[in-house]
Amino acid sequence: MSTPFPTPLPIRRLTLRDLVACADLSEDRGWPREEHKWGLLLSAGTGYGIDDPEGGLITACVVTEYGPAGRPDLGAIGMVLVAERHARQGIGRRLMRHVLAEMGTTPLTLHATPHGRPLYEELGFKVTGRAEMVRGHFTAGGADPAVSTRPATAEDLPAILRLDAEVFGTDRTHVLTRLPAFADQLRVAEENGRIIGYAAAWPNLNDQVVGPLIARDTEAAKALIASLAAHTDRPLRTDIDVRHEELLTWVKERGLVSIAFNAVMTYGISELPGDWARRYAPLTVAAG
(Lines give C-alpha, C1' and ligand atoms only; values in the text may rest on other atoms or scores of the structure.)
Protein backbone atom coordinates (compact mmCIF):
# COMPACT_ATOMS: atom_id res chain seq x y z
CA MET A 1 0.00 0.00 0.00
CA SER A 2 1.23 3.48 -0.84
CA THR A 3 0.58 6.56 1.25
CA PRO A 4 -1.24 9.55 -0.28
CA PHE A 5 1.00 12.30 -1.62
CA PRO A 6 1.02 15.51 0.48
CA THR A 7 0.13 17.61 -2.59
CA PRO A 8 -1.73 16.37 -5.67
CA LEU A 9 0.59 15.39 -8.49
CA PRO A 10 -0.11 17.13 -11.82
CA ILE A 11 -2.18 15.52 -14.55
CA ARG A 12 -0.48 15.79 -17.93
CA ARG A 13 -1.10 14.84 -21.54
CA LEU A 14 0.31 11.51 -22.62
CA THR A 15 2.01 10.84 -25.96
CA LEU A 16 3.32 7.85 -27.88
CA ARG A 17 6.49 8.15 -25.78
CA ASP A 18 4.35 6.89 -22.87
CA LEU A 19 3.27 3.72 -24.66
CA VAL A 20 5.45 1.35 -22.61
CA ALA A 21 4.45 3.04 -19.34
CA CYS A 22 0.77 2.66 -20.31
CA ALA A 23 1.30 -1.02 -21.12
CA ASP A 24 3.11 -1.46 -17.78
CA LEU A 25 0.12 0.10 -16.03
CA SER A 26 -2.25 -2.31 -17.80
CA GLU A 27 -0.10 -5.24 -16.70
CA ASP A 28 0.00 -3.91 -13.12
CA ARG A 29 -3.80 -4.17 -12.97
CA GLY A 30 -3.89 -7.65 -14.44
CA TRP A 31 -4.92 -6.48 -17.90
CA PRO A 32 -3.07 -7.56 -21.06
CA ARG A 33 -0.31 -5.16 -22.09
CA GLU A 34 -2.06 -4.42 -25.44
CA GLU A 35 0.75 -2.23 -26.79
CA HIS A 36 -0.71 -2.42 -30.30
CA LYS A 37 -4.03 -0.97 -29.10
CA TRP A 38 -2.34 1.62 -26.87
CA GLY A 39 -0.38 2.79 -29.91
CA LEU A 40 -3.57 3.44 -31.88
CA LEU A 41 -5.32 5.18 -29.00
CA LEU A 42 -2.40 7.45 -28.14
CA SER A 43 -1.92 8.45 -31.78
CA ALA A 44 -5.60 8.99 -32.62
CA GLY A 45 -6.76 10.29 -29.23
CA THR A 46 -5.64 12.31 -26.22
CA GLY A 47 -4.09 10.54 -23.27
CA TYR A 48 -4.11 11.84 -19.72
CA GLY A 49 -2.02 10.57 -16.86
CA ILE A 50 -0.14 11.19 -13.62
CA ASP A 51 3.53 10.31 -13.27
CA ASP A 52 4.67 8.27 -10.30
CA PRO A 53 7.73 9.88 -8.65
CA GLU A 54 9.08 6.35 -8.25
CA GLY A 55 8.74 5.67 -11.98
CA GLY A 56 5.96 4.78 -14.38
CA LEU A 57 2.39 6.03 -14.25
CA ILE A 58 0.00 6.20 -11.33
CA THR A 59 -3.04 6.52 -13.58
CA ALA A 60 -3.97 6.92 -17.23
CA CYS A 61 -6.88 7.15 -19.65
CA VAL A 62 -7.46 8.08 -23.29
CA VAL A 63 -10.17 10.20 -24.92
CA THR A 64 -10.89 9.71 -28.62
CA GLU A 65 -12.77 12.66 -30.12
CA TYR A 66 -15.06 12.41 -33.15
CA GLY A 67 -16.42 15.12 -35.39
CA PRO A 68 -15.00 18.51 -36.39
CA ALA A 69 -11.56 19.31 -34.98
CA GLY A 70 -11.81 21.76 -32.11
CA ARG A 71 -15.54 21.21 -31.60
CA PRO A 72 -16.10 17.45 -31.47
CA ASP A 73 -19.54 15.89 -31.52
CA LEU A 74 -18.55 13.02 -29.23
CA GLY A 75 -15.69 11.88 -27.02
CA ALA A 76 -15.07 8.22 -26.12
CA ILE A 77 -13.25 7.57 -22.84
CA GLY A 78 -11.29 4.37 -22.41
CA MET A 79 -8.41 2.56 -20.70
CA VAL A 80 -9.10 4.20 -17.33
CA LEU A 81 -6.52 2.65 -15.02
CA VAL A 82 -5.03 3.31 -11.59
CA ALA A 83 -1.96 1.43 -10.39
CA GLU A 84 -2.78 -1.17 -7.75
CA ARG A 85 -0.51 0.46 -5.15
CA HIS A 86 -2.45 3.73 -5.50
CA ALA A 87 -5.96 2.28 -5.74
CA ARG A 88 -8.84 3.36 -3.51
CA GLN A 89 -7.39 6.83 -2.90
CA GLY A 90 -9.71 8.82 -5.20
CA ILE A 91 -7.11 9.13 -7.96
CA GLY A 92 -9.37 7.68 -10.65
CA ARG A 93 -12.15 10.04 -9.62
CA ARG A 94 -9.76 12.99 -9.80
CA LEU A 95 -8.57 11.97 -13.27
CA MET A 96 -12.13 11.59 -14.53
CA ARG A 97 -13.17 14.97 -13.13
CA HIS A 98 -10.19 16.49 -14.94
CA VAL A 99 -11.26 14.87 -18.22
CA LEU A 100 -14.84 16.08 -17.77
CA ALA A 101 -13.55 19.63 -17.24
CA GLU A 102 -11.25 19.38 -20.26
CA MET A 103 -14.07 18.16 -22.52
CA GLY A 104 -16.46 20.90 -21.46
CA THR A 105 -19.84 20.51 -23.17
CA THR A 106 -18.75 17.69 -25.51
CA PRO A 107 -21.01 14.64 -25.08
CA LEU A 108 -19.11 11.61 -23.81
CA THR A 109 -19.44 7.85 -23.87
CA LEU A 110 -17.64 4.88 -22.34
CA HIS A 111 -17.97 1.15 -21.76
CA ALA A 112 -17.99 0.42 -18.04
CA THR A 113 -17.13 -2.81 -16.28
CA PRO A 114 -19.28 -3.71 -13.26
CA HIS A 115 -16.33 -2.60 -11.09
CA GLY A 116 -16.05 0.84 -12.69
CA ARG A 117 -19.73 1.59 -13.18
CA PRO A 118 -20.43 3.04 -9.68
CA LEU A 119 -17.74 5.73 -10.13
CA TYR A 120 -19.09 6.77 -13.52
CA GLU A 121 -22.64 6.90 -12.19
CA GLU A 122 -21.42 9.10 -9.33
CA LEU A 123 -19.91 11.46 -11.92
CA GLY A 124 -23.20 11.72 -13.85
CA PHE A 125 -22.89 9.05 -16.57
CA LYS A 126 -26.07 7.16 -17.41
CA VAL A 127 -26.43 3.60 -18.67
CA THR A 128 -27.89 3.61 -22.18
CA GLY A 129 -27.07 0.09 -23.37
CA ARG A 130 -25.04 -3.09 -22.95
CA ALA A 131 -22.42 -4.91 -24.97
CA GLU A 132 -21.58 -8.60 -24.69
CA MET A 133 -18.00 -9.73 -25.22
CA VAL A 134 -17.76 -13.08 -27.02
CA ARG A 135 -14.67 -15.07 -27.89
CA GLY A 136 -13.70 -18.38 -29.46
CA HIS A 137 -12.66 -20.26 -32.56
CA PHE A 138 -15.29 -19.65 -35.23
CA THR A 139 -16.59 -22.84 -36.85
CA ALA A 140 -18.31 -22.47 -40.20
CA GLY A 141 -21.59 -24.30 -40.55
CA GLY A 142 -25.09 -24.09 -41.92
CA ALA A 143 -26.02 -22.06 -44.95
CA ASP A 144 -23.50 -19.48 -46.05
CA PRO A 145 -24.67 -15.87 -45.59
CA ALA A 146 -26.16 -14.67 -48.88
CA VAL A 147 -24.02 -11.53 -49.03
CA SER A 148 -20.77 -11.20 -50.96
CA THR A 149 -17.65 -9.87 -49.25
CA ARG A 150 -14.13 -9.03 -50.38
CA PRO A 151 -10.98 -7.34 -49.10
CA ALA A 152 -11.26 -3.56 -49.01
CA THR A 153 -9.10 -1.51 -51.36
CA ALA A 154 -7.85 2.07 -51.17
CA GLU A 155 -10.62 3.03 -53.61
CA ASP A 156 -13.24 1.84 -51.10
CA LEU A 157 -12.17 4.28 -48.39
CA PRO A 158 -14.46 7.21 -49.37
CA ALA A 159 -17.50 4.90 -49.42
CA ILE A 160 -16.50 3.34 -46.08
CA LEU A 161 -16.13 6.78 -44.51
CA ARG A 162 -19.53 7.94 -45.82
CA LEU A 163 -21.27 4.81 -44.57
CA ASP A 164 -19.53 4.96 -41.20
CA ALA A 165 -20.41 8.63 -40.61
CA GLU A 166 -24.05 7.87 -41.39
CA VAL A 167 -24.19 4.89 -39.03
CA PHE A 168 -21.87 6.11 -36.27
CA GLY A 169 -23.48 9.55 -36.27
CA THR A 170 -20.36 11.64 -36.66
CA ASP A 171 -17.07 11.65 -38.54
CA ARG A 172 -14.21 9.41 -37.39
CA THR A 173 -11.96 9.68 -40.43
CA HIS A 174 -8.84 10.24 -38.34
CA VAL A 175 -9.31 6.81 -36.74
CA LEU A 176 -10.59 4.82 -39.72
CA THR A 177 -7.78 5.95 -42.01
CA ARG A 178 -5.43 4.20 -39.58
CA LEU A 179 -7.23 0.86 -40.01
CA PRO A 180 -5.26 -0.42 -43.03
CA ALA A 181 -2.04 -0.22 -41.01
CA PHE A 182 -3.58 -1.21 -37.67
CA ALA A 183 -5.72 -4.17 -38.77
CA ASP A 184 -4.71 -7.50 -40.24
CA GLN A 185 -7.90 -7.55 -42.31
CA LEU A 186 -10.33 -4.95 -43.62
CA ARG A 187 -13.26 -6.30 -45.63
CA VAL A 188 -16.41 -4.89 -47.20
CA ALA A 189 -19.83 -6.38 -47.92
CA GLU A 190 -21.28 -5.51 -51.31
CA GLU A 191 -24.59 -5.60 -53.14
CA ASN A 192 -24.79 -4.63 -56.81
CA GLY A 193 -21.44 -2.91 -56.55
CA ARG A 194 -22.51 -0.84 -53.53
CA ILE A 195 -20.81 -1.19 -50.14
CA ILE A 196 -23.41 -2.10 -47.51
CA GLY A 197 -21.05 -2.89 -44.64
CA TYR A 198 -17.46 -3.22 -43.56
CA ALA A 199 -15.46 -4.81 -40.77
CA ALA A 200 -11.87 -5.07 -39.58
CA ALA A 201 -10.00 -7.72 -37.61
CA TRP A 202 -6.95 -6.59 -35.67
CA PRO A 203 -4.41 -8.44 -33.53
CA ASN A 204 -4.63 -8.45 -29.75
CA LEU A 205 -2.41 -11.03 -28.05
CA ASN A 206 -3.59 -14.38 -29.44
CA ASP A 207 -6.94 -13.08 -30.67
CA GLN A 208 -8.29 -11.34 -33.72
CA VAL A 209 -10.61 -8.59 -32.49
CA VAL A 210 -13.50 -7.93 -34.87
CA GLY A 211 -14.31 -4.24 -34.97
CA PRO A 212 -15.59 -1.94 -36.17
CA LEU A 213 -18.50 -3.94 -37.55
CA ILE A 214 -20.95 -1.83 -39.53
CA ALA A 215 -23.57 -3.55 -41.69
CA ARG A 216 -26.90 -2.91 -43.39
CA ASP A 217 -28.48 -5.89 -41.64
CA THR A 218 -27.69 -9.05 -39.71
CA GLU A 219 -27.05 -11.12 -42.84
CA ALA A 220 -24.36 -8.69 -43.95
CA ALA A 221 -22.87 -8.70 -40.43
CA LYS A 222 -22.77 -12.53 -40.47
CA ALA A 223 -21.09 -12.54 -43.88
CA LEU A 224 -18.40 -10.13 -42.71
CA ILE A 225 -17.63 -12.12 -39.55
CA ALA A 226 -17.53 -15.40 -41.48
CA SER A 227 -15.19 -13.93 -44.09
CA LEU A 228 -12.84 -12.55 -41.44
CA ALA A 229 -12.82 -15.90 -39.63
CA ALA A 230 -12.02 -17.73 -42.86
CA HIS A 231 -8.76 -15.80 -43.19
CA THR A 232 -7.29 -16.36 -39.72
CA ASP A 233 -6.44 -19.29 -37.47
CA ARG A 234 -6.75 -17.20 -34.32
CA PRO A 235 -9.79 -17.06 -32.02
CA LEU A 236 -12.16 -14.19 -32.73
CA ARG A 237 -13.20 -11.73 -30.06
CA THR A 238 -15.72 -8.93 -30.35
CA ASP A 239 -18.18 -6.83 -28.33
CA ILE A 240 -21.70 -6.96 -29.76
CA ASP A 241 -24.58 -4.67 -28.83
CA VAL A 242 -26.98 -6.96 -26.93
CA ARG A 243 -29.91 -5.69 -29.00
CA HIS A 244 -28.49 -7.71 -31.89
CA GLU A 245 -29.84 -10.95 -30.45
CA GLU A 246 -29.87 -12.85 -33.76
CA LEU A 247 -26.19 -12.15 -34.40
CA LEU A 248 -25.22 -13.12 -30.85
CA THR A 249 -27.12 -16.41 -31.14
CA TRP A 250 -25.46 -17.10 -34.49
CA VAL A 251 -21.86 -16.53 -33.31
CA LYS A 252 -22.46 -18.67 -30.23
CA GLU A 253 -23.76 -21.48 -32.41
CA ARG A 254 -20.45 -21.27 -34.25
CA GLY A 255 -18.12 -21.56 -31.31
CA LEU A 256 -17.88 -18.17 -29.63
CA VAL A 257 -18.79 -18.00 -25.95
CA SER A 258 -19.83 -15.17 -23.67
CA ILE A 259 -16.95 -13.67 -21.68
CA ALA A 260 -18.33 -10.52 -20.08
CA PHE A 261 -20.88 -7.73 -20.26
CA ASN A 262 -20.09 -4.01 -20.21
CA ALA A 263 -22.51 -1.15 -19.66
CA VAL A 264 -22.57 1.46 -22.42
CA MET A 265 -22.77 4.83 -20.68
CA THR A 266 -23.20 8.40 -21.86
CA TYR A 267 -22.68 11.85 -20.37
CA GLY A 268 -24.38 14.95 -21.77
CA ILE A 269 -26.60 12.99 -24.18
CA SER A 270 -29.46 10.57 -23.59
CA GLU A 271 -28.26 8.06 -26.20
CA LEU A 272 -25.50 7.64 -28.75
CA PRO A 273 -25.90 9.35 -32.13
CA GLY A 274 -26.28 7.44 -35.37
CA ASP A 275 -28.13 4.24 -36.20
CA TRP A 276 -27.67 1.48 -33.61
CA ALA A 277 -29.46 -1.03 -35.88
CA ARG A 278 -26.49 -1.00 -38.26
CA ARG A 279 -23.79 -0.56 -35.62
CA TYR A 280 -22.93 -4.08 -34.44
CA ALA A 281 -19.52 -3.76 -32.74
CA PRO A 282 -17.09 -0.96 -31.87
CA LEU A 283 -13.52 -0.68 -33.10
CA THR A 284 -12.64 -1.28 -29.45
CA VAL A 285 -14.65 -0.55 -26.32
CA ALA A 286 -11.94 2.00 -25.44
CA ALA A 287 -12.67 4.10 -28.54
CA GLY A 288 -16.30 3.41 -29.37
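Let's start with a helix pair. Helix α8 (residues 218–229) packs against helix α9 (residues 245–253) at an angle of about 30 degrees, with the axes 10 Å apart. This is a predicted model, where local features need pLDDT of at least 70, side-chain atom pairs count only at pLDDT 80 or more, and totals for chains, interfaces and linings use all residues. Residues are numbered from 1 along each chain as its sequence is written, and side-chain values use heavy atoms, with hydrogens and water left out.

Some terms. Axes are lines fitted to C-alpha atoms, for helices over the stretch in contact, and angles run from 0 to 180 degrees between N-to-C directions. Helices (H or I, at least four residues) and strands (E, at least two) are DSSP runs, numbered from the N terminus.

So how do α8 and α9 lie to each other? They are roughly parallel. Angles under 35 degrees get that label, over 145 is roughly antiparallel, 65 to 115 roughly perpendicular, and the rest oblique. The crossing of α8 and α9 is right-handed, meaning the near helix is turned clockwise from the far one by less than a right angle.

Who touches whom? From α8 come Thr-218, Glu-219, Ala-221, Lys-222, Ile-225 and Ala-226, and from α9 come Glu-246, Leu-247, Trp-250 and Val-251. Contact here is heavy atoms within 4.5 Å. By class, that contact of α8 with α9 has six nonpolar, one polar and three charged residues. Ala, Val, Leu, Ile, Met, Phe, Trp, Tyr, Cys and Pro count as nonpolar, Asp, Glu, Lys and Arg as charged, and the others, Gly among them, as polar.

Next pair. Helix α1 (residues 19–28) and helix α2 (residues 35–44) have axes that come within 10 Å and cross at roughly 125 degrees. That makes α1 oblique to α2. On α1, the contact uses Leu-19, Cys-22, Ala-23 and Ser-26; on α2, Glu-35, Trp-38, Gly-39 and Leu-42. Five of these residues are nonpolar, two polar and one charged.

Between α1 and α2 sits a loop, and Glu-34 is in it. Is Glu-34 buried or exposed? Buried, at 9% relative accessibility. The cut-offs: buried is under 20% relative accessible area, exposed over 50%, partly exposed in between (1.4 Å probe, protein chains only). Glu-34 also has a positive phi of about 50 degrees, though it is not a glycine. Arg-88 does likewise, with phi near 60 degrees. Arg-88 is in the loop between β4 (74–82) and α3 (91–103). At 65% relative accessibility, Arg-88 is exposed.

Now the cores. The largest nonpolar core has 40 residues, and those with the most contacts inside it are Trp-38, Leu-42, Leu-179, Tyr-198 and Leu-283. Such a core is a set of buried Ala, Val, Leu, Ile, Met, Phe, Trp, Tyr and Cys residues joined through side-chain atoms within 4.5 Å. Another core lies apart, with 26 residues, including Ala-221 and Leu-247.

Setting aside neighbours within four places in sequence, Leu-283 contacts several residues, among them Leu-40, Gly-211 and Pro-212. The peptide bond from Gly-211 to Pro-212 is cis, with omega near 0 degrees. Pro-212 is in strand β10 (residues 207–215).

Last stop. Arg-278 is in the loop between β12 (257–267) and β13 (279–281). At 18% relative accessibility, Arg-278 counts as buried. Arg-278 and Asp-217 are 61 residues apart in sequence, yet 6.3 Å apart in space, C-alpha to C-alpha.
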